[in-house]
Amino acid sequence: MTVTTDAPGTLPTPADEARLWALIEAAWAELGAEPLALRQALVERDPADDGDDDGSSSAIDAWLDAFLDSLGQLTVELTGQELTDLDRVVERKLYDIDREDIHEVTDGSDDGFLYARGFIVALGRSYYEAVLADPAMALLDADCEGMCYFFAHLHNDRFGSWPETGSGISRESFGNRVGWSA
């Protein structure tokens, strides 16, 4: 699904986007078969079943810290520019799902909705695209705060500065005017 936005600025490259999704998959793969099965169950679930995900969302929560640790290990050798490029992709992905129809499913305050979108990105491309296509695939009360600024924090920790993505957008909630009714 192509997302139309009114946001100017530097866009992520297809290569950077592919790199982000590959890193996310590699980080999850390092954790073994159980989180893979839980993530797959969330992608394949029927959202019409009153939001019942048979416990997969709460079970995946137990893996999120290990996932972020794994992702950090996989990116330990990246340059400042590479981290900035990945941060730009995450920023754009969060922006593109900053939509009223997704918020109606996830609920949450400004921060809560941001963290819900972080969860959607952290679960990988298949889940992200499922939610993008059908907001009912999103989950109430799911969150991964650590994903929202993951690469920005790595950049700051390693290089002593916050990355400048040049995107002209904000990943914060309710910033994508196209995604919200006027």
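Which handedness does the crossing of H4 and H10 have? The crossing of H4 and H10 is right-handed; here a crossing is left-handed if the near helix is turned anticlockwise from the far one by less than a right angle, and right-handed if clockwise.

## Ground rules

This is a predicted model, where local features need pLDDT of at least 70 and side-chain atom pairs count only at pLDDT 80 or more, while totals for chains, interfaces and linings use all residues. Numbering runs from 1 along each chain as its sequence is written, and side-chain values use heavy atoms, with hydrogens and water left out.

## The overall fold

The protein chain has ten helices and zero strands, so the pattern along the sequence reads α-α-α-α-α-α-α-α-α-α (helices, H or I, at least four residues, and strands, E, at least two, are DSSP runs numbered from the N terminus).

The radius of gyration is 16 Å, which agrees with the value near 16 Å for a compact globule of 182 residues; this radius is taken over C-alpha atoms, and the globule rule is 2.2 Å times the number of residues to the power 0.38. Along its principal axes, the C-alpha trace spans about 45 × 45 × 25 Å. Of the 182 residues, 48% are buried (buried means under 20% relative accessible area, exposed over 50%, partly exposed in between, with a 1.4 Å probe and protein chains only). Take the contacts with a separation of 6 or more: residues 24 or more positions apart account for 80% of them, with contact meaning heavy atoms within 4.5 Å.

## H1 against H4

Two packed helices are described by the angle between their axes and the distance between the axes. For H1 (residues 14–29) and H4 (residues 64–74), the axes come within 8 Å and cross at roughly 120°. That makes H1 oblique to H4: angles under 35 degrees count as roughly parallel, over 145 as roughly antiparallel, 65 to 115 as roughly perpendicular and the rest as oblique. Axes are lines fitted to C-alpha atoms, for helices over the stretch in contact, and angles run from 0 to 180 degrees between N-to-C directions.

H1 passes H4 in a right-handed crossing. On the H1 side, the contact is made by Leu23, Ile24, Ala26, Ala27 and Trp28, and H4 brings Leu64, Phe67, Ser70, Leu71 and Leu74. These residues split into nine nonpolar, one polar and no charged (Ala, Val, Leu, Ile, Met, Phe, Trp, Tyr, Cys and Pro count as nonpolar, Asp, Glu, Lys and Arg as charged, and the others, Gly among them, as polar).

Serine 70 sits in helix H4 and counts as buried, at 6% relative accessibility. Leaving aside residues up to four places away in sequence, serine 70 touches Ala27 and Glu30.

## H4 against H10

H4 also packs with H10, at an angle of about 50° and with the axes 12 Å apart. That makes H4 oblique to H10. Here Leu68, Leu71 and Gly72 in H4 meet Phe150, Phe151 and Arg158 in H10. This contact divides into four nonpolar residues, one polar and one charged.

## Two positive phi values

Aspartate 141 has phi near 65°, a positive value in a residue other than glycine. Its place is the loop between helix H8 (125–133) and helix H9 (145–148), and at 63% relative accessibility aspartate 141 counts as exposed.

Phenylalanine 174 also has a positive phi, near 70°. Phenylalanine 174 lies in the segment after helix H10 (150–159) and, at 33% relative accessibility, counts as partly exposed.
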